[in-house]
Amino acid sequence: MTDGVLISMRGIQRFYRMGEHVVRALDGIDLEIGRGEFVVLMGSSGSGKSTLMHLLGCLDAPSAGRVFLGGEDVAGLPDGRLSQVRGRRVGLVFQQFNLLNDLSVLENIALGMLYSGVHRGTRLERARLYAERLGLGDRLTHRPSQLSGGQAQRVAIARALANEPDIILADEPTGNLDSRTGAEIMEVLYDLHRRGYTIIMVTHDPRYAREGTRRIVLQDGRIVEDAPGRRPVSVVDAALPGHPERRGRGMRPWDLLRVGIREGLLAHKMRTALTMLGIIIAVAGVIAMSSFSLGSKRKQADQIRALGANLMRVVDARLEGEKLSAARVGGSPGLSLADLELLRRDVPGIARSAAAREIRLNVVAESARPLAPRILGVQGDYLEVNNLALAEGRFIDAWDQEGNARVAVLGHALAERLGTGSPIGHELILGGNPYRVIGRLANRNLDIQGLEATGATDANYDLLIPLRTLLNRTRVFDMRSQIDEIQLQLEDEDTLMAAGVAVRRLLHVAHGGQEDFQLVVPLDLLKQKQQAQKLLDVLTFCVSSVALVVGGIGIMNIMLASVRERIREIGIRRAVGATRRDILLQFLTEAIVIAVTGGVVGIALAVAVVAGTCLAFELPIVVSPVMILVSVLASTATGLLFGLYPAAQAAAERPVEALRYE
Ligand code: ADP
Ligand code: MG
């Protein structure tokens, strides 16, 4: 092969199988084209001209034979290398211009450089240079649809030139133009040739038959004529602005993102938004639901702790009639202060304890509103165990108990009902006897709803008197148990279980095996409740996953339709040097951007909804960072998963077929 030879073809065949039939589009082509030639390729329709151009342009591979471009055997190259060679060595110009309509003139010209990794700034700068060279300086921001045919073809030529190719391949470049504009484009090509470019042009127009350095005529896939034209071979070395710096690793990540967002998604805003909606709803759903679930759990836990930490209550069964006598006959004296003593002595880990008994007494007071309190006789560390605090005055002490004192402590709401000002020192008549108010409880802001199962009551309406006073000074009790309730506060949460077992065992013996008491551990009830909620959480998770999958299928559906619709775009990108991988990544990026954006908007939506709702319903605002992370990961994975197939479909498009698609 001599030094000046740029293209060399040996025994090229290109067959198309059409069922039984084989079309021999090219049937034994041997050809050498040197640097600086201007080849005019002619032949009747169907003679194989375009097929030959596609082989030269590395858009297609021959069925047999070898093609050398600049000494490199391109027939056997893998797609990535082939696309690189195409992007660098050949500039393609088509009859139908093949410009991307969503891009400006400038960006169309810069398109090829995108795929050889040229920096965006450099790309646009060079594109401007070529645009000006081709007389498009005042059309840079126009869209291809706003251009005349001649201008569009100039853009296509500028794009072909921008990567500084060795060869310009023009397939009927004047075919879609009127003769005057066609002549203009020819002038452009002649000019390029004079500057040193090697040009191969297909044409039907007999006017240009002798206008090159050489004329080749094809017929039925064979060369039937190869004659010199009237132009001299160009000896100038094509020395335009010099090769742009290339990275040789394909698209830059930022360019990938820009192309995905601007040229893929923003070009179809409505469609993108609707596709995104599926993901938004799924992600917002998961986060909102999990936040509400977490919030209500937190609230319950707070409430339980507000009732008294590590609390265990032994509650008298309050048997009546026959059951009561049966229990007494069975050997149980009912719940009593003796039981409390027993438990305090024999159950390990008890920090504090208290006992209480309710009594119904007629209440007379000088108050505006009826008091209707719950009257409790209490003993021991009642305040501490129940997590109560005094607002003023003092609490019932051992002296009061010893002396059977007629003193009372009022709940917050009760004190308010009594009237304005401090209730300390006031007298109340309980069951005909005067009681002096010695203290007032602080308000306890506790939402009692949802805590019924724990037996919690509202301490704000309680009227507390010494238990001993109640037992000794009020009327006697037939067979009823001495007290209603024993309250034990354990040293820590972990001892609750063991203590529970011990309490049950001791009281079982003390009560002669009669089950006339009940053990209530609020924390256990909370745990049970949260266990039940877990099922709901799992259900929520399942529904959300399904929603996400449906969203993903939506993405896939739209992406598949989008690939079908954009086949021509894919062909154009491939023709200017995009590899399969570039196309795959472009469509994958679009899918992932949809999914991730949907995820982020979903999170924002969820946070807004959760914050609003929690404020309205006085729930603690809990947004789990883990859930947010999981949602983002899940939506990214969804985009990746459901975008992969359409993207692979796009990448599998063969450039020649894609360009033919109309
Ligand atoms: P020209 O460009 O000279 O008009 P082509 O190179 O396009 O001709 O086509 C040459 C022959 O190959 C024609 O008979 C055409 O029908 C056939 N051909 C081209 N492409 C295909 C294809 N993808 N599948 C089947 N036949 C094809
Ligand atoms: Mg053709």
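A cavity is a set of grid points where a 1.4 Å probe fits but cannot get out, and its lining residues have an atom within 4 Å of a point. The views below show a predicted model.

**View 1. The second largest cavity and its lining.** The lining of the second largest cavity consists of R86, G87, V90, G91, L92, G112, R159, A160, N163, A575 and V576. Its volume is about 90 Å³. Three elements, α2 (79–89), β6 (90–93) and α5 (149–162), each contribute at least two residues to this lining. The most comes from β6, which gives three residues. Sorted by class, the lining of the second largest cavity holds five nonpolar, four polar and two charged residues.

**View 2. The largest cavity.** The search of the whole structure returns seven cavities of 30 Å³ or more.

**View 3. Elements around the largest cavity.** At least two lining residues of the largest cavity come from each of α3 (105–115), α4 (120–133) and α7 (253–265). With five residues, α7 gives the most to this lining. The lining of the largest cavity has six nonpolar and seven charged residues, and no polar ones.

**View 4. Backbone contacts of ligand 1.** Polar backbone atoms of G46 and S47 face oxygen atoms of ligand 1: the distance is 2.7 Å for G46 and 3.3 Å for S47. For G48, a backbone N or O atom is 3.0 Å from an oxygen atom of ligand 1. On its own, ligand 1 has 560 Å² of accessible area, and the protein covers 73% of it.

**View 5. The shell around ligand 1.** Ligand 1 is located in the largest pocket. Two or more residues of the shell around ligand 1 are given by each of β1 (5–18), β2 (21–34), α1 (49–56) and α20 (655–660). The largest share belongs to α1, with three residues. In total, 14 residues surround ligand 1, and the closest are G46, K49, S50, T51 and R660. By class, the shell around ligand 1 comprises four nonpolar, seven polar and three charged residues.

Methods: Residues numbered from 1 in each chain as written. Chains lettered and ligands numbered in written order. Predicted model: local features only at pLDDT ≥ 70, side-chain atom pairs only at ≥ 80, totals over all residues. Heavy atoms only, no water. 1 Å grid on protein atoms, 1.4 Å probe; cavity = no way out; pocket = protein on both sides within 12 Å on 5 of 7 lines; lining within 4 Å. Points joined across faces, edges and corners; volume = space filled by probe spheres on them. Helix = DSSP H or I, 4+ residues; strand = E, 2+ residues; numbered from the N terminus. Nonpolar A, V, L, I, M, F, W, Y, C, P; charged D, E, K, R; others polar. Near = heavy atom within 4 Å. Polar contact = N/O pair within 3.5 Å; in protein donor to acceptor, adjacent residues only side chain to side chain. Areas by Shrake-Rupley, 256 points an atom, 1.4 Å probe, with all protein chains shown as cover. Sits in = over half its atoms within 2 Å of the grid points.
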